[in-house]
Amino acid sequence: MSPRALMRGLFDGLDGACARAFGEAWNPMYQLGALGWFLFWIVTVSGVYLYIFFDTGITGTYESIEAITHAQWWAGGIMRSLHRYASDAMVVVAVVHLLREFARDRMRGNHWFAWLTGVPLLGFIYVCGITGYWLVWDTLAQYVALTSSELLDALPLFGEPIARNFVNQAALSDRFFTLMVLIHIAAPLLMLLVMWIHISRHARARVNPARGLGVVVLGALTLLSLLHPALSQPPADLDIVPATVGLDWFYLPAYPLAALWGEGAVWALLLGSGLLLALLPWLPPRRTPRAAVVDLPNCNGCARCFADCPFGAITLGPRDDGLAYEQQAVVDPGQCMSCGLCVGACPTATPFRTAGELQAGIELPGHPLAGLRERIRQAAETLSGDSRLMVFRCGHGATVASAPGSVAVLELPCVGMLPPSFVDYVIARRLADGVMFAGCGRGDCHFRLGDRWVEERIAGERDPWLRERVPRERVAVSWAGGAERAQRRADVARFRETLAGLPPLVRGGLRQLAAATRFAPVTWPAPVRWAGIAVALALFTVPLGVWDNWPAWRQLASGQAVVRLSFSHASRPKVECKPLTPQELAALKPNMRRQVGCPRERWPIEVELERDGELLYTGEHRPAGLWDDGPATVYARFDVPAGPQSLTVRMRDSGRAEGFDYERTETVDLVPEQNLVIGFDTLEGLVIR
Ligand code: HEM
Ligand code: SF4
Ligand code: SF4
């Protein structure tokens, strides 16, 4: 079994269990994308509230958040917790949504667009979350600030290591912090734009979950916020390195990896998996079903296909074949998912036609309607008795077993592809006693809208209708996801029973428009269902409250302290400035002639660090700038045992062959978790403090 098939099976099981507990309208598995939107709005509203009371200067930040959390726990405190837990929930929902789309293979062919635009959404979620933790300015924020900077410094993006902004209290400035506040506000706005692009090819995209589901999810998050409010860790103090920090494992799992594997390996993993994710739609095995094709002589430009296409693949263009209609359907093969819903919508798709070949205004290559009519006739010949059932099923929901002589099953890409006139045809010609549409779970059509269009067409709420003359008790719908086989079996059995009990069909009898027969969904009794909902919500929310800061990450072994080398220094120029000789001046172009010749290039600096006579570090650092004329920067971190020790640092900045230009030795008594920084000052030279 392929990994995808295994995942498909797992998701089918989960979908089925949720359908029984939540009922089909509330099934969260059917509306993960919409739940993502809902959580986004919770995060936005709570974020706006927090921002009103938030002090954006780094010195007042921590206190302002403490005040929000404790002084107004009944409002600000809940908002803060909702902000955090809904953000964590968004990671969970987006990842499950991604896996489910993968398991259902809704990423290949023209589905690539939603998939590819989903990948940066994941990135946006992480940028928002990480910058959010930064803003609290507690010890976790301190860890996030330094580790994020060290990760970013591993990329060749910045001229000077940004980690130096957070190296100790003295180096700290508002500058970087304000940037974080800006990013934390701008990133969600950009994310909203990408969320909109993500669903832009979906007609009637579902961006709101069922109201009841929204209420219980918000209720569960609020309850979690009350029982287990989100709190800050101790305030940041860059002069110490807290040995342990409570990490949000939804947002920060890559950070400990940076310590274990190194920044380069973490980037390789992140960028590699991002790239793989983005390329998945094009990796083998590739399948590209053929797009719907318009047959102009049969198209009258009625626009029904345009209205029903779930993927916005049809537009209406000016007529170009000289027929006396105003417009014609035009399919964009780059957007068509080959679902066939347009075929089901086309009024010219009628099997009663005797003149000429059966050909509709729009058809799916590989699934011609003429062939379908033929298959129906052949299937009818295999049926006998008084409850002959003809089932039209898609390949995505629970299977239907054909029973020789009594149940004939015909497969279509989507049940919404069957034009209502075909149902009329089967019943009117007595090819079967009843017709059943057997599709995916209700509200979870693989092609998004098939179940809805089928029900509306039968009920006379949507063109083209199923004619009044077709008795609705002979037409049934059965919506059941892959694992809901019991539901399917029950639907088929109950429908056959109904058919067997019906009086013989009378031709010409006056009928009324009505909905198709739909048997009650197989669910659990109400108390069991509510218990199931409670368990599902607990399984969803409790981990949010636990893994948002547990288990704590030990970033420093006990009894250790940290020594950082952090400075920026302009070394001496390689060639000292000297007056040019008259000959040298004459050799220059007139506009380049200056009295003093100063090549800009500087020496690299060489640095050594010794601890108790043992070499901890030696490194050469190039000057910045295209011409090697800027200052060279040194940033390195060492975990050392606490206690008294002698540190010696040396620097050569003049390119000399031997010896050093600067040297300092100091005996320090480091306490555990202390952060000691070795810097450089133009007046004092190397400093250890
Ligand atoms: C915040 C994150 C996300 C939100 C809010 C979101 C939202 C949505 C929504 C509302 C839909 C349309 C559902 C419908 O009406 O049928 C959708 C579909 C989809 N999304 Fe997402 N999504 C997110 C992340 C992702 C990610 C990370 C991926 C994968 C990389 C992804 C892949 C897809 C795919 C493949 C579809 C269905 C496309 C189809 O039917 O052709 N989404 N998403
Ligand atoms: S087959 Fe489906 S996606 Fe393609 S044009 Fe018809 S309705 Fe739209
Ligand atoms: S539904 Fe049929 S007739 Fe109407 S515009 Fe589409 S292809 Fe043409």
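How many nonpolar, polar and charged residues does the shell around ligand 1 have? In this predicted model, the shell around ligand 1 has 12 nonpolar, seven polar and four charged residues. Altogether 23 residues are found around ligand 1, and those that come nearest are His-97, His-111, His-198, Arg-206 and Arg-448.

The iron atom of ligand 1 is coordinated by two histidines, His-97 and His-198, each through its NE2 atom, at 2.0 to 2.1 Å. The iron site has six donor atoms, the angles among them run from 86 to 180°, and the site is octahedral.

A polar atom in the side chain of His-198 lies 2.8 Å from a nitrogen atom of ligand 1.

Ligand 2 has its own surroundings. It is surrounded by 14 residues, and the closest are Cys-309, Cys-336, Cys-339, Gly-340 and Cys-342. By class, the shell around ligand 2 has 12 nonpolar residues, two polar ones and no charged ones.

The strands come next. Strands of a sheet pair through backbone hydrogen bonds, either parallel or antiparallel, and both kinds can be followed here. The parallel case is an open sheet of five strands in the order E7-E6-E8-E9-E10. Strand E7 (407-411) and strand E10 (517-518) stand at its edges with a single partner strand each, so one side of each has no neighbour in the sheet. Strand E9 (residues 475-479) runs parallel to E10 and is joined to E10 by two bridges. Across this pairing, Val-477 stands opposite Arg-518 in E10.

The antiparallel case is an open sheet of four strands, ordered E16-E15-E18-E19. Its edge strands are strand E16 (614-621) and strand E19 (662-670), each of which pairs on one side only. From one strand to the next, the twist averages 15°. Within this sheet, strand E15 (residues 605-611) and strand E18 (residues 643-652) pair in the antiparallel sense over six bridges. Here Glu-606 stands opposite Arg-652 in E18.

The peptide bond from Asp-463 to Pro-464 is cis, with omega near -15°, and Pro-464 sits in the loop between helix H15 (450-458) and E9. Another cis peptide bond leads from Trp-550 to Pro-551, with omega near -5°. Pro-551 is placed in the loop between helix H17 (526-546) and strand E11 (552-554). Finally, Arg-430 has a positive phi of about 55° although it is not a glycine. Arg-430 can be found in the loop between helix H14 (420-428) and strand E8 (434-439).

Notes: Residues numbered from 1 in each chain as written. Chains lettered and ligands numbered in written order. Predicted model: local features only at pLDDT ≥ 70, side-chain atom pairs only at ≥ 80, totals over all residues. Heavy atoms only, no water. Near = heavy atom within 4 Å. Polar contact = N/O pair within 3.5 Å; in protein donor to acceptor, adjacent residues only side chain to side chain. Nonpolar A, V, L, I, M, F, W, Y, C, P; charged D, E, K, R; others polar. Pairing = 2+ DSSP bridges. Axes fitted to C-alpha atoms, helices over the stretch in contact; angles between N-to-C directions. Donors = N, O, S within 2.8 Å, 3.2 Å for Na, K, Ca; no water. Tetrahedral: all angles 85-135°; square planar, octahedral: opposite > 155°, others 65-115°.
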